[in-house]
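Dear colleague,

Please find below the structure that I am handing over to you.

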Amino acid sequence: MSKPLREATVLAHPNIALIKYWGKRDDRLNLPCAGSIAVTVGPLGTRTRVRWHVDGPRTKAPDRVLLNGSLADEGTQKRVVRVLDLFRARAGVHDWQAEVESENDFPTAAGLASSASGMAALVMAANEAGGFRFSRQALSVLARQGSGSGCRSLHGGFVEWLKGEREDGEDSHAVALAPASHWPLAVAIGVVDAGPKPVSSRDAMVRTFQTSPYHTGWVTRVERDLPGARRAVAERDFLTLAALAEGSCLAMFGSMLGAVPPVLYWQAGSVAAMHAVWAWRREGVPCFFTLDAGPNIKVFCPAEALDEVVARLAAIPGIRQVLRGQVGGPAQVLEQVEQT
Ligand code: DP6
């Protein structure tokens, strides 16, 4: 392999949506039907190193992508190369070849989308390694095209993904609503099933959009929920955010149930935990749940209630493991090496 010009390593955290993204108006560009609001979750993270090789036509040496120490499977490789191609086109460096090494320090069992933190870390590392000065907004647009939710992982704290109006998607990116220090929430992640999902979120989302009669109602609901969620975050209004987040999660699953064929990710443990969270809240424990495209449940609470929530969640039949997280910071450069 030719000599690297520069390399950089970036850490990005996954994110968990409170007002969900479910449905695309453009499948190729990952343009959503509506905006969404998420929380960046640390200390879990993806560390990605990008090395740019600049001498020699890239066709002779394709990009090399290592994921958790092994060569990435074909699907992942394609997705990464596509984002790198978009990056190269934007930067005007068509011949540069990339070497990418990415490690997740959270178990895939957590049911958190590592594609979100992975795509955010990838575009920021490509930017830093090459010495480019793309803004976080431009990087968010690029990460979005790798994985929609990836656009939100460039920022820390509470983040909104703006739907945008343009056909080219340049106005569909994430913005920071409030930093992690604004509201130190924590999250207990209850693992119900660590196995592969019956349907990928990508396929389930397209299916819901194309076949569910509830999809339009779902989009209307998101538009209605966004201002309230923004306000609840700004005012640290826990109970309002709890009601909006649980409502958004359940309505998203409602839209999936109407798909043909229907999509149902929940298992018995997921449902038991949802009922339990409602009972705990009635008892006065401040907590609320959300679930994504899988059976695992994420329970948010103020940091000081985390021990209690973790202990309660772990005692529910069907919950195999509980992981802890907290509101995390923005994607950041860990190391940058410049060749002399
Ligand atoms: C249920 O961002 O993984 O987690 O754009 O196809 O890569 P693609 O989908 P992805 O979908 C995430 C869906 C969700 C809700 C959310 O994170 O908002």
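**The ligand and its surroundings**

In this predicted model, the side chain of tyrosine 21 places an N or O atom 2.6 Å from an oxygen atom of the ligand; a polar contact is a pair of N or O atoms within 3.5 Å, and within protein one must be able to donate a hydrogen and the other to accept it, while residues adjacent in sequence count only if both atoms are side-chain atoms. A polar side-chain atom of arginine 152 is 2.7 Å from a ligand oxygen, and for an N or O atom in the side chain of aspartate 292 the distance to an oxygen atom of the ligand is 3.3 Å. The protein buries 94% of the 460 Å² that the ligand exposes when taken alone (Shrake-Rupley method, 1.4 Å probe).

The ligand is surrounded by 17 residues, each having a heavy atom within 4 Å of it. The closest are Tyr21, Lys24, Ser149, Arg152 and Arg202. Helix α4 (residues 201–211) supplies the largest share of this shell, three residues; helices here are DSSP runs (H or I) of at least four residues and strands (E) of at least two, numbered from the N terminus. By class, the shell holds six nonpolar, five polar and six charged residues (Ala, Val, Leu, Ile, Met, Phe, Trp, Tyr, Cys and Pro count as nonpolar, Asp, Glu, Lys and Arg as charged, and the others, Gly among them, as polar).

**Helix α2**

Of the 17 residues of α2, 15 are buried, so this helix is largely enclosed by the rest of the structure. Buried means under 20% relative accessible area, exposed over 50%, and partly exposed in between (1.4 Å probe, protein chains only). Just after α2, glycine 131 has a positive phi of about 75°.

Serine 255 belongs to helix α6 (residues 238–257) and is buried, at 1% relative accessible area. Neighbours within four places in sequence aside, serine 255 is in contact (heavy atoms within 4.5 Å) with Trp22, Thr208, Ser212, Tyr214 and Trp218.

Histidine 155 sits in the loop between α3 (136–146) and β10 (158–161) and counts as buried, with 13% relative accessibility. The side chain of histidine 155 reaches the backbone oxygen of alanine 174 at 3.2 Å.

**Conventions**

Residues are numbered from 1 along each chain as its sequence is written. In this predicted model, local features need pLDDT of at least 70 and side-chain atom pairs count only at pLDDT 80 or more, whereas totals for chains, interfaces and linings use all residues; side-chain values use heavy atoms, with hydrogens and water left out.
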